[in-house]
Amino acid sequence: DKRRLTDELSIERRLQLVDEAADLGTRSINFDGAGEPTIDPKFWDIIERMAKRNIIPIVYTEATLRLTDRAFCQKLYDLGATVVLKMNSLWDEVYQNAIVAGPPGRKRPMADNYFHKRAEALEILYDIGFAKTTPTRLAFDTIICKQNQEEIIQLHRYTRQNNVFVLFVNY
């Protein structure tokens with residue numbers, strides 16, 4: 001689980017901020033955290049408060065740590081969340097896993113299997129219905145760079161055909 005940072009806001013203050021945002025008419029909040037937001041020990045407290053206050057939680061995630069658990073995904077769906085998956089490549093396993101691993105010498109344990117675990121998570125999200133709604137509740141966050149530029153047009157077509165919103169960004 002995620003360690004609490006010394007300067008991190010308390011859960012009480014974070015929930016208060018959700019309430020204040022709701023009082024101001026906020027309709028959605030991007031929940032991207034410092035790292036992977038789904039491992040925050042207070043993740044569900046925050047998501048549930050957003051749902052209670054009619055705020056759409058938009059969860060930016062790498063997906064493999066929690067979204068291969070169908071019950072976890074179902075709860076996200078039931079609470080009205082939108083899920084944004086990190087998607088550097090949908091088809092190039094070597095490139096995608098290398099991005100997760102990071103620079104040489106900094107090997108992350110899940111890096112070798114990330115591509116397949118993310119595919120598993122994506123299938124669960126499809127099965128539950130995240131891409132069946134209008135507007136869609138499933139998105140990809142893709143950084144365009146030399147290594148994936150050849151698949152960008154194909155990825156755009158794929159997302160259009162599968163009712164997935166795509167965020168293309170560059171460095």
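Where is the place of Pro135? Pro135 sits in the loop between H5 and E4, and the peptide bond that leads from Thr134 to Pro135 is cis, with omega near 0 degrees.

## Basis of the model

The model is predicted, so that local features need pLDDT of at least 70 and side-chain atom pairs count only at pLDDT 80 or more, whereas totals for chains, interfaces and linings use all residues. Residues are numbered from 1 along each chain as its sequence is written, and side-chain values use heavy atoms, with hydrogens and water left out. Helices (H or I, at least four residues) and strands (E, at least two) are DSSP runs numbered from the N terminus.

## Packing of H2 and H3

Helix H2, residues 43–52, packs with helix H3, residues 70–78, at an angle of about 25 degrees, and their axes are 10 Å apart; the axes are lines fitted to C-alpha atoms, for helices over the stretch in contact, and angles run from 0 to 180 degrees between N-to-C directions. H2 and H3 are therefore roughly parallel to each other, a class that takes angles under 35 degrees, with over 145 counted as roughly antiparallel, 65 to 115 as roughly perpendicular and the rest as oblique.

On the H2 side, Phe43, Trp44 and Glu48 meet Phe72, Lys75 and Leu76 of H3, where contact means heavy atoms within 4.5 Å. The residues of this contact divide into 4 nonpolar, no polar and 2 charged, with Ala, Val, Leu, Ile, Met, Phe, Trp, Tyr, Cys and Pro counted as nonpolar, Asp, Glu, Lys and Arg as charged, and the others, Gly among them, as polar.

## The largest nonpolar core

The largest nonpolar core has 35 residues, and those with the most contacts inside it are Leu67, Leu76, Leu85, Leu122, Leu138 and Phe140. Such a core is a set of buried Ala, Val, Leu, Ile, Met, Phe, Trp, Tyr and Cys residues joined through side-chain atoms within 4.5 Å, and buried means under 20% relative accessible area, exposed over 50% and partly exposed in between, with a 1.4 Å probe and protein chains only. At least two residues of this core come from each of H1 (11–23), H2, H3, strand E3 (82–86), H5 (114–128), strand E4 (138–143) and H6 (152–161), and the largest share, 6 residues, is that of H5.

When neighbours within four places in sequence are left aside, the contacts of Leu138 include Val83, Leu85, Leu122, Leu125, Phe130 and Asn163.

## Helix H4

Helix H4 covers residues 93–101, and its buried residues are Tyr95, Gln96, Asn97, Val100 and Ala101, which pack against H5. At the start of H4, a side-chain oxygen of Asp92 comes to within 3.3 Å of the backbone nitrogen of Val94. Gly102, which follows H4, has a positive phi near 85 degrees.

## Backbone and buried charge

Most residues other than glycine have a negative phi, and most peptide bonds are trans. Ala63, in the loop between strand E2 (56–61) and H3, has a positive phi near 85 degrees and is buried, with a relative accessible area of 0%. Asn163, in the loop between H6 and strand E5 (165–169), has a positive phi of about 55 degrees and counts as partly exposed at 30% relative accessibility.

Asp19 lies in helix H1 and is buried, with a relative accessible area of 19%; leaving aside its neighbours within four places in sequence, Asp19 is in contact with Arg49 and Arg53.

Note on methods
A polar contact is a pair of N or O atoms within 3.5 Å; within protein, one must be able to donate a hydrogen and the other to accept it, and residues adjacent in sequence count only if both atoms are side-chain atoms.
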